[in-house]
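Walk through this structure one chain at a time, then look at where the chains meet. Keep the model open alongside the text.

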Amino acid sequence: MQVPILKQGDYLIASIQAALTDADLVELRDELTERVGRFRSRGVIVDVTALDVMDSYAVRMLRAVAHMLKLRGAETVIVGIPPDVAFAMVQLGLTLEGVATALDLEEGLVYLDQKTKGGPRGIR
Amino acid sequence: MASAERHISISSDADIVTARQQGRALAEQLGFSGSELTIIATAISEVARNIVEYARTGEIVLSPLVDKDRRGILIVAWDEGPGIPDISKAMMDGYSTSGSLGLGLPGAKRLMDELEVSSSAGQGTIVKMKKWKR
């Protein structure tokens, strides 16, 4: 299951469409790391709305993605963690410490605008 | 037919996804709620990954549970891998011999109602976990 990655201006948006294997997650990490350089992206949104579970491997990989992209000069925000997935993550003892999260794509874009442009577009 | 046992052989990361999807499907048939389905699927993902990481191959067996007036799901993960030399350490948060987050077994125990591990060095591992319907 490949994750489509859309380029929108200075940002990349990766929308996970279905359950991902460990290998898919590694591929997503490598693709994003490469494309941030190719497109000189300033921010990345990873939409996990359709992910069936966030287990310890998925969390470890998303944390790695965010930290690697930071080293490449881009901000990352994870959006769309459903309530039941959030509940299971807390029970499991998983945190996304050091990684930005937002409710949905819209909030994710607002976050990236604040981080990379010093304020939401049209407001300042 | 909701009562059939399901066997999923585990030998790759793709099988982890299959196991948790089958577990979710069985739990749904048994009448578990939406958030419980995610909890069960997450716990299966953790124990299935332990098989791939430590034993390479093994099996997950899913079956319905009936106990007087209680109904639930039983998940057994077994392998013939190297086994766990020290189970009490393996049940501690953050303890890992594979460089992972070390939340697999203790995390799965928190997600489920019951979790038992039997293992010894060189003898493989059996993890049995149960979740009862509320």
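The radius of gyration used here is taken over C-alpha atoms, and the globule rule is 2.2 Å times the number of residues to the power 0.38. Keep in mind that this is a predicted model. Now apply the rule to chain A. For 124 residues, a compact globule would have a radius of gyration near 14 Å, and chain A has 14 Å, so the two agree. The box tells of the extents. Taken along the principal axes, the C-alpha atoms of chain A fill roughly 40 × 30 × 25 Å.

Next comes packing. A residue counts as buried if 20 or more other C-beta atoms lie within 10 Å of its own. By that cut-off, 40% of the 124 residues in chain A are buried. Take the contacts in chain A between residues at least 6 apart in sequence: 72% of them join residues at least 24 apart.

What are the elements of chain A? Chain A has four helices and five strands. Read from the N terminus, the order is β-β-α-β-α-β-α-β-α.

Turn to chain B and its sheet. Strands of a sheet pair through backbone hydrogen bonds, either parallel or antiparallel. In chain B the sheet is open, has five strands in the order 1-2-3-5-4, and pairs antiparallel. Strand 1 (6-10) and strand 4 (114-119) of chain B stand at the edges. Each has a single partner strand, so one side of each is left without a neighbour in the sheet. From one strand to the next, the twist averages 15°.

Look inside the sheet. Strand 2 (residues 58-67) and strand 3 (residues 70-79) of chain B run antiparallel and are joined by ten bridges. For one residue, the partner can be named: B:Ile60 has B:Ala77, in strand 3 of chain B, as its bridge partner.

A helix covers these strands. Helix 2 (residues 34-55) of chain B lies across strand 1, strand 2, strand 3 and strand 5 (125-132) of chain B. Helix 2 of chain B runs at about 15° to strand 3 of chain B.

Last, the contact between the chains. It takes 18 residues from chain A and 22 residues from chain B. Which helices of chain A supply at least two residues each to the side that touches chain B? They are helix 1 (22-38), helix 2 (56-71) and helix 3 (83-92) of chain A. Helix 3 of chain A gives the most, with six residues. By class, this side of chain A has nine nonpolar, four polar and five charged residues.

Key
Residues are numbered from 1 along each chain as its sequence is written. Chains are lettered from A and ligands numbered from 1 in the order in which they are written. This is a predicted model: local features need pLDDT of at least 70, side-chain atom pairs count only at pLDDT 80 or more; totals for chains, interfaces and linings use all residues. Two residues are in contact if their C-beta atoms, placed from the backbone, lie within 7 Å. Ala, Val, Leu, Ile, Met, Phe, Trp, Tyr, Cys and Pro count as nonpolar, Asp, Glu, Lys and Arg as charged, and the others, Gly among them, as polar. A residue is buried if 20 or more other C-beta atoms lie within 10 Å of its own, exposed if 12 or fewer, and partly exposed in between; C-beta atoms are placed from the backbone. Two strands pair if DSSP finds at least two bridges between them. Axes are lines fitted to C-alpha atoms, for helices over the stretch in contact, and angles run from 0 to 180 degrees between N-to-C directions.
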